[in-house]
Amino acid sequence: MARPKSATHDLKRDAILDIAAQCFASRSYPAASMNEIATACGTSKARLYHYYDSKEAILFDLMDRYTQRLLTLIAQTEATAQRRNLGDREALHELIRAFLQEYESSATRHMALLNDTQFLSDGLDAESAGLSPRELILNRQRDVVAAVTRALKRAYPERLNSSNQTAITMMLFGMINWTFTWLRPGGAMSYVAFADEVIRMLEQGLN
């Protein structure tokens, strides 16, 4: 008979993922070891294996949860925009603010998503989708990009077309995706203020 999970099992997994993301960010995924992650968690490697059977399993769970979080954030923001009867541009602005608010508290997870997807297996099936772990995460990333493209097209229908929509979407992601490299909480500019600057750039350019 399978041993039941403790009531704090998922909570402990969340703590492990937070610490592992910090290890991956500071050491890089290839350099970080299960032993180092266990030490950072204040536990033994044997205890860590009780939760995850490999370093890749940690990385996949981290990215699985984080990409689901981003997709949920998009859905929640769209629902809020509809409920508040926002215009298409206002809805896009709210989405930008929501992304940057999430990035502020999830910098190390975001770093892993941008830098470490390549280290996921490409041959083992992910349980729920019949895809390899890498392909499942890449598909989620594509879904995020597609949702932002749709929001941009609704906000600026006269500006986006089939030839430039990818470039403009990636230009927006280029502005916001790498904030963890330079934008620090408590620094000269807050994430909220930076969101406003991104929105102003979309609306007005540098005028």
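Residues are numbered from 1 along each chain as its sequence is written, and side-chain values use heavy atoms, with hydrogens and water left out. Because the model is predicted, local features need pLDDT of at least 70 and side-chain atom pairs count only at pLDDT 80 or more, while totals for chains, interfaces and linings use all residues.

**Aromatic pairs**
- A search of the whole structure finds 6 aromatic pairs, a pair being rings of Phe, Tyr or Trp (its six-membered ring) with centres within 6.5 Å, called stacked if the planes are under 30 degrees apart, edge-to-face if over 60 and tilted for the rest.
- One of these is the tilted pair of Phe 99 and Tyr 103, at 5.9 Å centre to centre and with 45° between the planes.
- Trp 178 and Phe 180 also form a tilted pair, their ring centres being 5.7 Å apart and their planes at 45°.
- Trp 178 is partly exposed at 40% relative accessibility, whereas Phe 180 is buried at 12%; buried means under 20% relative accessible area, exposed over 50% and partly exposed in between, with a 1.4 Å probe and protein chains only.
- Phe 24, Tyr 29 and Phe 119 are linked by ring pairs into a cluster.

**Charges over rings**
- The charged end of Arg 13 sits over the ring of Tyr 52, 4.5 Å from its centre, where the criterion is NZ of Lys or CZ of Arg within 6 Å of the ring centre and within 35 degrees of the ring normal.
- Lys 55 lies over the face of Tyr 29, at 4.4 Å from the ring centre.

- Phe 99 and Tyr 103 both belong to helix 5 (residues 88–105) and stand 4 residues apart, about one turn of the helix; helices are DSSP runs (H or I, at least four residues) numbered from the N terminus.
- Phe 99 is buried, with a relative accessible area of 2%, and Tyr 103 is likewise buried, at 3%.
- The buried residues of helix 5, including Phe 99 and Tyr 103, pack against helix 4 (55–83), helix 6 (107–116), helix 7 (133–155), helix 8 (165–176) and helix 9 (191–204).
- Leaving aside residues up to four places away in sequence, Tyr 103 touches Tyr 66, Leu 70, His 110, Phe 173, Ile 176, Asn 177, Thr 179 and Tyr 191, contact meaning heavy atoms within 4.5 Å.

Key
Helix = DSSP H or I, 4+ residues; strand = E, 2+ residues; numbered from the N terminus.
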